[in-house]
Amino acid sequence: MLRHRAQLVRLRTLLRNRIHAVLADHGCDRGTSRSCWSGPGRAWLDQLPLPTASRTVVTDLLELIDAVQVPIDRLDCELTAAARADPRVEVLTTLPGVGPLTALVLLAEIGDIHRFPSARKLASRAGLTPTVRSSDRTVRYGHISKQGDPWLRWILSEAAQTPK
């Protein structure tokens, strides 16, 4: 359910970005402080003087966003109930950058934490360990290996980037 929700949110973001691209093609900018998706933002979008083809694209994309929002809201309710029922979520949410959904993804992707003898093994499972190239006495450390669970790597990266 968590992966499905993440894919739906990515789809919604793709649709929103497409609307922003259509607006940018016509020099329309709402600014960074105002949303196009709230009530006033939707009213602003409706009154924009766009050509017929662009108006049709924006209208269709808004309908798709509204359609995708329905399962996202349903999944949010189900996942919130699951988060409240799991005491591990409460412990994980004490960490900076970890909310209920992040905690649920961590629990789902890691599974039983005791199967990892060390934090290094868990980091390796997530693909967050550096690549190592060595020859004789020369050792070079590179970028993260990205060999591991992509969902775990994604959610840990998201949590790490959250401002304190």
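Biologist: What do the buried residues of H7 pack against?
Modeller: In this predicted model, they pack against helix H1 (2-25), helix H5 (100-110), helix H6 (119-126) and strand S2 (138-144).

Biologist: And which residues of helix H7 are the buried ones?
Modeller: Helix H7 covers residues 150-160, and its buried residues are Trp 151, Leu 152, Arg 153, Ile 155 and Ala 159.

Biologist: What caps the N-terminal end of H7?
Modeller: That's Asp 149. One of its side-chain oxygens lies 3.0 Å from the backbone nitrogen of Trp 151.

Biologist: Let's look at H6 and H7. At what angle do they pack?
Modeller: The angle is about 110°, and the axes of H6 and H7 are 7 Å apart. That makes H6 roughly perpendicular to H7.

Biologist: Which residues meet there?
Modeller: From H6 you have Leu 122, Arg 125 and Ala 126, and they meet Leu 152, Arg 153 and Leu 156 in H7. The residues of this contact of H6 with H7 divide into 4 nonpolar, no polar and 2 charged.

Biologist: Changing topic: how many salt bridges are in the whole structure?
Modeller: A search of the whole structure finds 5 salt bridges. One of them joins Arg 5 and Asp 76, with the closest N and O atoms 2.4 Å apart.

Biologist: Where do Arg 5 and Asp 76 lie?
Modeller: Arg 5 is in helix H1 and Asp 76 is in helix H3 (residues 52-85), so the pair ties together parts that are 71 residues apart in sequence.

Biologist: Is Arg 5 buried or exposed?
Modeller: Arg 5 counts as buried, because its relative accessibility is 18% and the cut-off for buried is under 20%. Asp 76, at 21% relative accessibility, counts as partly exposed.

Biologist: What about Arg 74 and Glu 78, where do they lie?
Modeller: Both lie in helix H3, 4 residues apart, which is about one turn of the helix.

Biologist: Why can residues four places apart in a helix point the same way?
Modeller: An α-helix has 3.6 residues a turn, so residues three or four places apart point the same way.

Biologist: How accessible are Arg 74 and Glu 78?
Modeller: Arg 74 is partly exposed, with a relative accessible area of 43%. Glu 78 also counts as partly exposed, at 32% relative accessibility.

Biologist: Last one: what does Asp 86 form a salt bridge with?
Modeller: Its partner is Arg 88, and their closest N and O atoms are 2.9 Å apart. Asp 86 is buried, with a relative accessible area of 17%, whereas Arg 88 counts as partly exposed at 46% relative accessibility.

Key: Residues numbered from 1 in each chain as written. Predicted model: local features only at pLDDT ≥ 70, side-chain atom pairs only at ≥ 80, totals over all residues. Heavy atoms only, no water. Buried < 20%, exposed > 50% of the residue type's maximum accessible area, 1.4 Å probe, protein only. Helix = DSSP H or I, 4+ residues; strand = E, 2+ residues; numbered from the N terminus. Contact = heavy atoms within 4.5 Å. Polar contact = N/O pair within 3.5 Å; in protein donor to acceptor, adjacent residues only side chain to side chain. Axes fitted to C-alpha atoms, helices over the stretch in contact; angles between N-to-C directions. Parallel < 35°, antiparallel > 145°, perpendicular 65-115°, else oblique. Nonpolar A, V, L, I, M, F, W, Y, C, P; charged D, E, K, R; others polar. Salt bridge = Lys/Arg side-chain N within 4 Å of Asp/Glu carboxyl O.
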